[in-house]
Amino acid sequence: MSGRDLFCQPRRFGRGAALTLVFASVLVAGAATGSLPGPDRKTPADVAGSAAPAGRHVDVAEAAAEAMAAGKSPVEAAERAVSRSGDRWGAVYSQGEYKEFEEALDGEYTGVGLWARRERDGRIEVTRVRAGSPAAVAGIRSGDLVRSIDGRKVDGRPVTEVVSLLRGDATDADAGTAVEVGMERGTHAWDLTLRRARLSTDSVTVRELADGVTVIKIASFTKGSGDAVREAVRQAPAAAGVVLDLRGNSGGLVTEAVTAASAFLGGGLVATYDVDGDQRALHAEPDGDTARPLVALVDGGTMSAAELLTGALQDRGRAVVVGTRTFGKGSVQMPSRLPDGSVAELTVGHYRTPSGRTVDGRGITPDLEADQQVLERAETVLSGLGDS
């Protein structure tokens with residue numbers, strides 16, 4: 001089982017690393033173009049007031065309702081319906097999982113600052129500890145084992161259950177609430193009390209190389225990441241080049257990807273997309289830096305909204321794309337609330353780059369193929385684009 005962040009990755013993230021993060025929902029893209037009411041994005045509860053679910057959404061909802069009436073699991077019934085539909089990217093989330101998903105997209109979460117994975121023998125191993133988090137302050141380190149939470153043994157449990165226990169989803173635990181955790185390191189076992197805190201996902205990080213080049217790394221498109229990119233560009237040394245690192249970026253809020261594109265474009269088309277045949281468009285703001293040398297780094301983990309941004313910069317001739325072919329996730333999902341409060345996200349359309357290229361199943365081919373020393377290659381390209 002692959003590693004999962006303990007604050008933001010619902011169980012479906014194992015299938016291709018955050019496959020449903022493309023648009024978070026159609027409502028995200030709709031709000032960006034003014035075709036749906038309200039700022040930013042809506043939750044599945046708002047879908048009923050915006051558009052009636054059609055086709056597969058109805059089938060999945062009916063399957064969940066029938067299971068509830070029969071005293072069976074509506075989530076499992078909905079999952080089977082999604083599987084039968086052939087929707088490669090369709091997914092079903094419990095209420096807790098979708099809440100976790102949305103909080104992650106908001107760029108903040110309540111937790112203790114652990115990343116972990118379940119080993120083959122069922123043990124839960126800490127893979128990373130966030131600096132300054134409650135877990136870090138308590139001395140927890142990568143490689144430690146989580147053995148119990150509030151007295152409940154966690155060996156063999158799905159990581160999503162461990163997530164829920166640590167976050168206190170069952171009681172809607174707030175920052176400051178306590179959680180008892182049993183840990184193990186080698187032959188040493190101990191218990192400790194952690195107090196949950198409100199933490200930031202820090203999806204955008206910025207650093208300056210020795211030659212003045214600014215590297216902007218976007219891990220995912222969470223709330224505020226687009227503005228963070230624009231601010232990083234404004235703060236970069238005058239006329240110096242920028243490397244936009246999108247490697248491993250699994251997507252996120254499309255509005256934030258469009259805002260990030262606006263940092264480098266003087267307006268114009270970013271992407272088009274369709275929702276059940278209805279064509280729509282996304283446009284950049286007109287005040288971007290259109291002269292600064294720019295290289296975008298991509299790889300097989302560059303997905304969805306990150307591919308949308310890459311395609312816009314490449315098609316518009318704004319950036320040289322360096323790396324390896326991107327994942328190829330260019331579909332649009334719409335969420336709908338099921339009778340038990342869980343959420344189904346099903347594919348309703350696809351997006352295209354400004355030149356009309358389809359990304360889904362194809363990915364984006366870089367201008368310069370490179371799978372080693374990629375950053376060094378990017379610096380070389382920048383020097384050829386006029387960066388000193």
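Visitor: How many bridges join S17 to strand S20 (residues 368-369)?

Guide: Two bridges join S17 to S20, and these strands run parallel. The model is predicted: local features need pLDDT of at least 70, side-chain atom pairs count only at pLDDT 80 or more, and totals for chains, interfaces and linings use all residues. Residues are numbered from 1 along each chain as its sequence is written, and side-chain values use heavy atoms, with hydrogens and water left out.

Strands (E, at least two residues) and helices (H or I, at least four) are DSSP runs, numbered from the N terminus. Two strands pair if DSSP finds at least two bridges between them. Within S20, Glu-369 is the bridge partner of Gly-323. Gly-323 is also the bridge partner, in S17, of Val-298. Strand S16 (residues 294-298) pairs with S17 (residues 320-323) in the parallel sense, over four bridges. Between S16 and S17 the chain passes through helix H10 (residues 305-315), and this β-α-β crossover is right-handed (with the strands pointing away from the viewer, the path from the first strand over the helix to the second runs clockwise).

Another strand is S15 (residues 278-283), in which Arg-280 lies. Arg-280 is buried, with a relative accessible area of 17%; buried means under 20% relative accessible area, exposed over 50%, and partly exposed in between, using a 1.4 Å probe and protein chains only. The side chains of Arg-280 and Asp-278 are joined by a polar contact of 3.3 Å (a pair of N or O atoms within 3.5 Å; within protein, one must be able to donate a hydrogen and the other to accept it, and residues adjacent in sequence count only if both atoms are side-chain atoms).

Asn-249 lies in the loop between strand S13 (242-245) and H9. Asn-249 is buried, with a relative accessible area of 0%. In sequence, Asn-249 and Thr-302 are 53 residues apart, yet their C-alpha atoms are 4.9 Å apart in space.

Helix H9 (residues 254-262) has nine of its nine residues buried, so H9 is largely enclosed by the rest of the structure. Among these buried residues are Val-254, Glu-256 and Ser-262.
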